[in-house]
Amino acid sequence: MRMSIAYITVIASIYGAATIAQDYDVVILNGRVMDPETNFDQVANVGINNGWITTITSDPIEGSQTIDASDHVIAPGFIDLEQHGLDPWGFKVNLRDGVTTQMDFEVGAANIDEWYAAREGSTQANFGTVIGQEFARMRVHDGLALEGPNISMPFFFDYRAEAAEDGVDGWSITPSNREQMNEITAQLDEGLRLGALGVGSTIGYAREGITTYEMFEAQKAAARYGRLTSVHHRFHPSASTPTETQTGVNEILVNAMVLNAPLHVHHDNDYGWWENQEKLQMARDQGFNVWSSYYPWTAGSGNYGASIVAPSNWEDNMGYKIDETIFDPQLDRFVTREEFDEFAASEPGRTLIAFSPPREEWLTDWIQIAGYGVSGDGMPSLNLDGEALTWDSPYEDYAGHPRSAGTHATVLRLSRENDVPLMLTLTQLSYIHAKRLGDTGLRAMQVRGRMQEGMVADITIFDPANVTEQAKYSRGKNGLPSLGIPYVLVNGTIVVENSKVLKDVYPGQAIRFPVEEEGRFVPASREQIMGILTPDTGSTRPSLLQDISDDDAKLEPVTPSITQFASAEPNNPFDWFSPRKGFDDSALFFCQVHGRYEDNETAARDWAQVLIAKNGGDPNKRFDPIFARQE
């Protein structure tokens, strides 16, 4: 039974405190309990039973395990939606940073059933994932099988390397025809059916390959389940027109709003963030479930093969200098342009750190915005030789971006130094993600991110006056754990005790939607679009296209194959969805015929022959090629 503090106080005054004394599994005494949802903020004792917070009281309580939290804050455990280092060492170092729920919503995973099954009972923090759009594209455009439970970070860069073995990153640069797009979307739907938390997109790394309609279809797939799409958006972090970073956010935000679907935008901490935040807040004011994350660092991280840091973008578009901004953690220094080109050619998966000077000024703005969430974007756990770390590896062995180890403590430190209300900071670190995900119907997040009776006992205890990061950019310090977070509980189990992560303690639970019997996939087709448009407009469909394209798929759910991938060429030459680069679409109605000719004049002549044949063979009749209308 859930009892309020006031109720307990009344009963105790009547019958005496001893009458209602209760033993708990764990008690946390004398700490400052802070709840971002209700703004509860007072020194109290917390009683935990069976993984749940059952009592928050000012009365004395006892339990099997006792934590003295004097002069410390008792806060909801931090929730991170972008942790790519989901390996034993990564879980360990993030627990030291107060993160009780560690998920990857950007890259995501494939084979959702197997992914969850492999981690059940063997993780120290809560875990969850989305279905990854990039993996589906690798299957379709690169022919990768991608089997087993580890089609996710931290093995991700291996799959990118495999996809590039033929010299072409098909997943990144190849646009999909209709059959390919439908196959990709069908794989996303299958992941959602199996309980994935949404769709994860790395369109920012595939901006040439993923068409706007394919992105719309991906968000539509998630929307059919009421789930989010979580996106590293197109053009991030460009500051040049017409590829400003905000244009990438506009694309996915419009999709989310017309679909009335949840949206999360990754690492919105570069040029244009102010415009993005204004639009996201205005959308929230209208009832849309949309939000974004930042991480509190002046540098990002990636690999030498990433299009974002290619000199044509980084230097020509962004205006940065390679030798001033690209830092190599293995060399422990900035690289020259020649070294960059060499690594990009020979080791495209090699980790780099990319500095963005304007972030120095922006940091103190981000920590004051309640609508932001914090997500660390932690990288795979590798040493100087590129080898995977184990749980027992020293913290000093990590060679990568310090955001993997110290993001959340950094936010706490910056907020303290800039007099940001601590309740707002806790909202960013925990509650905002729990609230937004809970609003998608995810029960596991409706009972996390809060310090209330009846909530899951994911709890982080920290010293507000001294909590700070130790992780730095220099070698040997990249992975040093945060200080001032002595206790962390996951589902009521102590996992960090006296600033030490306990080995072989695995209370982490799967954060997942229930598996559904049937999927909800509907293939994209001409009928799909015309069925939406014609009832409202009252217009008639172009008769010629209706006749030629009557073999298009009908608008009804299907059970797609997820092992037989689409062919490289469309079966229907009049494919609405395939891009036609280099041709002027203004002369003819939306059709694939453009892509088969050197110029539009030739296309128009051949199109005229089709029309003549359709209209009794009279070559003297005039026609309107836009609507295929005889006059």
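How do the residues lining the second largest cavity divide into nonpolar, polar and charged? They divide into 3 nonpolar, 6 polar and no charged. Here Ala, Val, Leu, Ile, Met, Phe, Trp, Tyr, Cys and Pro count as nonpolar, Asp, Glu, Lys and Arg as charged, and the others, Gly among them, as polar.

Before I go on, some ground rules. This is a predicted model, where local features need pLDDT of at least 70 and side-chain atom pairs count only at pLDDT 80 or more, while totals for chains, interfaces and linings use all residues. Residues are numbered from 1 along each chain as its sequence is written, and side-chain values use heavy atoms, with hydrogens and water left out.

Now the cavities. On a 1 Å grid over the protein atoms alone, a cavity is a set of points where a 1.4 Å probe fits but cannot get out; a pocket is an open set with protein on both sides within 12 Å along at least five of seven lines; lining residues have an atom within 4 Å of a point. Grid points are joined across faces, edges and corners, and a volume is the space filled by probe spheres set on the points.

The whole structure has 2 cavities of 30 Å³ or more. Helices (H or I, at least four residues) and strands (E, at least two) are DSSP runs, numbered from the N terminus.

The largest cavity has a volume of about 370 Å³. Of its 32 lining residues, Y205, H232, S301, G302 and I308 lie nearest its centre. Strand 13 supplies the largest share of that lining, 4 residues. By class, the lining has 15 nonpolar, 10 polar and 7 charged residues.

Next, the largest pocket, with a volume of about 1000 Å³. It is lined by 46 residues, and F157, R160, N303, P348 and G349 lie nearest its centre. Helix 5 gives the largest share of the pocket lining, 4 residues. Helix 5 also supplies at least two residues to the lining of the largest cavity.

On to the core. Of the 631 residues of the chain, 59% count as buried, meaning under 20% relative accessible area, with exposed over 50% and partly exposed in between (1.4 Å probe, protein chains only). A nonpolar core is a set of buried Ala, Val, Leu, Ile, Met, Phe, Trp, Tyr and Cys residues joined through side-chain atoms within 4.5 Å. The largest core has 122 residues, and those touching the most other members include M103, I326 and F462. Helix 16 (residues 422-438) gives the largest share of this core, 8 residues.

Last, the rings. Rings of Phe, Tyr and Trp (its six-membered ring) pair if their centres lie within 6.5 Å; planes under 30 degrees apart count as stacked, over 60 as edge-to-face and the rest as tilted. The count comes to 25 aromatic pairs. F78 and F462 form a tilted pair, 6.4 Å centre to centre with 50° between the planes. F78 lies in strand 6 and F462 in strand 18, so this pair ties together parts that are 384 residues apart in sequence. Both F78 and F462 are buried.
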